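Reader: I'd like to learn how to read a protein model feature by feature. Could you walk me through one?

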Amino acid sequence: MPPAVGGGLAGSELRPRRGRCGSQAARAVGPDVATEATARSPKRPAPSSRRFEAPGRWALLALVTLMSFATRFHRLDQPPHICWDETHFGKMGSYYINRTFFFDVHPPLGKMLIGLAGHLSGYDGTFLFQKPGDEYEHHSYLGMRGFCAFLGALLIPFAYLTVLELSQSLPAALLTAALLTFDTGCLTLSQYILLDPILMFFIMAAMLSMVKYNSCANRPFSAPWWLWLSLTGVNLAGALGVKFVGLFIILQVGWNTVSDLWHLFGDLSLSMVTVGKHLTARILCLIVLPLALYTATYAVHFMVLNRSGPGDGFFSSAFQARLSGNNLHNASIPEHLAYGSVITVKSARMAVGYLHSHGHLYPEGIGARQQQVTTYLHKDYNNLWIIKKHNTNSDPLDPSLPVEFVRHGDVIRLEHKETSRNLHSHYHEAPLTRKHYQVTGYGINGTGDSNDFWRIEVVNRKFGNRIKVLRSRIRLIHLVTGCVLGSSGKVLPKWGWEQLEVTCTPYLKETLNSIWNVEDHINPKLPNISLDVLQPSFPEIMLEAHMVMIRGNNGLKPKDNEFTSKPWHWPINYQGLRFSGINDTDFRVYLLGNPVVWWLNLLSIALYLLSGSIFAVALQRGARLPAEVEGLLWDILLRLCAWSLASFSLAGHVHTLGILSLLLGIAYSFYLFHPLAYGMVGPLAQDPRSPMAGLRWLESWDF
């Protein structure tokens, strides 16, 4: 490949590898080709001009950083009320301050950092974060917003340094910084209490660290090499610790590492011992270190959140027993199940919850119009059931009667304590799951019919065994139809209060959907045992937390009438999102990318693919490209335009004018669209009197 290509379009593919491999490539070119390349290359900057290059880079970095922080911290206190998902992540920050356990589908690091920022800035964790639009009033919220804005502001200098390291082109780095600085979408996401700026910070930091340690390839095992390699691992742990989408930067770094090791393995000047040292260093810094930090994040998470809270029901009974304030914590309950006991029945499938009923009926056309039976993830009195014999109405708690334990294979009734209706099934189809039977609450004061009878079985036990609370895994088999009680995990519509569907499945295959355990157990006639023996180990807790998160992510679905967008909407900037305000009297913030920036990106992708193909064909046919063709796409195109001009002095002006035009155009577009990020008051853009009316370029933009 001709050296005249320099650091062109394909980046690392067109640039010889630094270090030993790079030097070998240079020797392989040969003196004749090198002389020819030197003759073709234009004059390099004189030594006197190089003295000003480093100060210029630092001055530009300072300017970029100043602009970044100025745009991110401007009007940070506006609006002084909850915006969009601040409801969730501000509330979760409060949970950390109050040490209250909760459940979220994302790993904990981002919320922990938000809580820490709030605590350090004087927020006491008492604001409820109930819904968007609620005023913060006297509560301190700027510390949490400021923390997110600080990390969001660092994205721009990180991107500047990354591109500068890759391309060695100041115009390319400056253009990159301008695209991020003046993008209203990136700005909006950076100014509020969200996970997005924290995630983007760790992703960009990991990319910068990776590029930096690549640049130290000619000095392996030096202090800077170890520093950047270790920082890459730290930032990978941070990205994954905020959201699972951080896996994408892990894949990027993984691919870079595999490629790097493959090149080292092919360098015959290196001994296998040296290659082994390189491999060990990557394993330690990019696998062991991130895993250790990621695990430490969860250790802190579980240590801080040691009080019972709204997330208890997503986890197993043994997990809940470790939470202070939970009814299972330091509790003593009867060990074996007996008739007359008041119990809760919990699904063994994580994030499904408790067998539940309430005084609402299934709507017309949904099976029999009888009382709804669902599963519910939170502690509730409607989760309580009384276990009774199927063939008698005598009170098992009568002191004159002996205690009779429930055993494997017994036929029982479960009477809902709050409504006195029996757990019931029949041949009507379930609400959501076809070919499954409906489960209802039926009867009056515990009196129903034979469709209320269930055979209780302990998984992997023999007939006659007693049933242990918490530890016995049980199934409930309907006596008449032979179906098995289970939860499909499907979310019911609003008529079912968006709880989860319970069905009776005729398919007897043993799955977690149809396995339950008895959790709460109240029976005054029985002695109690301590539940301390159920405390799970840290590995068990961490494994369960991940299983619950995976289950929660798989179950995410938009609710009725909830704003949704299609996957293709966001890349083309087709539709935005209201962060705050809906009418002309509200302070409105609208999440929408700067259309000039976003559409320029789309154009750049197309031009990159086209020009890359043209350059590849041209190089294969022996074409010679100038050394100035370095950096990123627009820098390349402008240099090619300049190169095509006859006058070298004019060429330099064309390149400079092109870069300045792009920068000014991007800045001006930000001037036009900045009210989207910083807030608008007055007529909506649909109104011709609105100052934003002329900027509503697409009908789908409803700012």
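Author: What follows is a short tour of this structure, one kind of feature at a time.

Author: Some ground rules before we start. This is a predicted model, where local features need pLDDT of at least 70 and side-chain atom pairs count only at pLDDT 80 or more, while totals for chains, interfaces and linings use all residues. Residues are numbered from 1 along each chain as its sequence is written, and side-chain values use heavy atoms, with hydrogens and water left out.

Reader: Fine. How many helices and strands are there in the chain?

Author: Helices (H or I, at least four residues) and strands (E, at least two) are DSSP runs, numbered from the N terminus. The chain has 18 helices and 16 strands.

Reader: And what share of the residues counts as buried?

Author: Buried means under 20% relative accessible area, exposed means over 50%, and partly exposed is in between (1.4 Å probe, protein chains only). Of the 703 residues, 49% count as buried. Among contacts between residues at least 6 apart in sequence, 73% join residues at least 24 apart.

Reader: Let's zoom in on a helix. How far does H13 reach from its first C-alpha to its last?

Author: For the expected span of a helix, take 1.5 Å times one less than its number of residues. Helix H13 (residues 272-304) has 33 residues and reaches 46 Å, close to the 48 Å expected.

Reader: Where does H13 bend?

Author: The bend at a residue is the angle between axes fitted to the seven residues ending there and the seven starting there. In H13 that angle is about 30° at Leu284.

Reader: Which residues in H13 are buried?

Author: First the general idea: an α-helix has 3.6 residues a turn, so residues three or four places apart point the same way. In H13, the buried residues include Val275, His278, Ala281, Arg282 and Cys285, with Tyr294, Tyr298 and Phe302 also among them.

Reader: Where does UniProt place the feature "transmembrane region"?

Author: With such records, remember that UniProt positions are given in the numbering used here, feature names are shortened, and annotations may be inferred rather than shown by experiment. The unreviewed UniProt entry places this feature at residues 170-192, 198-214, 226-255, 279-300, 596-619 and 657-681. Take two of those spans in the model. Residues 279-300 are 100% helix and 0% strand, with end C-alpha atoms 31 Å apart. Residues 596-619 are likewise 100% helix and 0% strand, and there the end C-alpha atoms lie 33 Å apart.

Reader: What does the side chain of Ser604 reach?

Author: Here you need polar contacts: pairs of N or O atoms within 3.5 Å, where within protein one must be able to donate a hydrogen and the other to accept it, and residues adjacent in sequence count only if both atoms are side-chain atoms. Ser604 lies in helix H16 (residues 595-620) and is buried, at 13% relative accessible area. Its side chain reaches the backbone oxygen of Leu600 at 2.7 Å.

Reader: How about a loop residue? Which residues does Thr433 touch?

Author: Thr433 lies in the loop between strand E7 (422-429) and strand E8 (437-442), and its relative accessible area of 11% makes it buried. Not counting residues up to four places away in sequence, Thr433 touches Ser488, Lys490, Glu501 and Thr503. Thr433 and Ser488 are 55 residues apart in sequence, yet their C-alpha atoms are 7.4 Å apart in space. Side-chain polar contacts join Thr433 to Lys490 at 3.3 Å and to Glu501 at 2.6 Å.

Reader: Now the charged pairs. How many salt bridges are there?

Author: A salt bridge is a side-chain nitrogen of Lys or Arg within 4 Å of a carboxyl oxygen of Asp or Glu. By this rule the count is 16. One of them joins Glu335 and Arg471, with the closest N and O atoms 3.4 Å apart. Glu335 lies in the loop between strands E1 and E2 and Arg471 in the loop between E9 and E10, so the pair ties together parts 136 residues apart in sequence. Both partners are partly exposed, Glu335 at 23% and Arg471 at 42%.

Reader: Which strands hold Glu415 and Lys388?

Author: Their side chains meet in a salt bridge at 2.8 Å, N to O. Glu415 is in strand E6 (residues 411-416) and Lys388 in strand E5 (residues 385-389), so this pair links parts 27 residues apart in sequence. Glu415 is buried, at 7% relative accessibility.

Definitions and conventions
Contact = heavy atoms within 4.5 Å.
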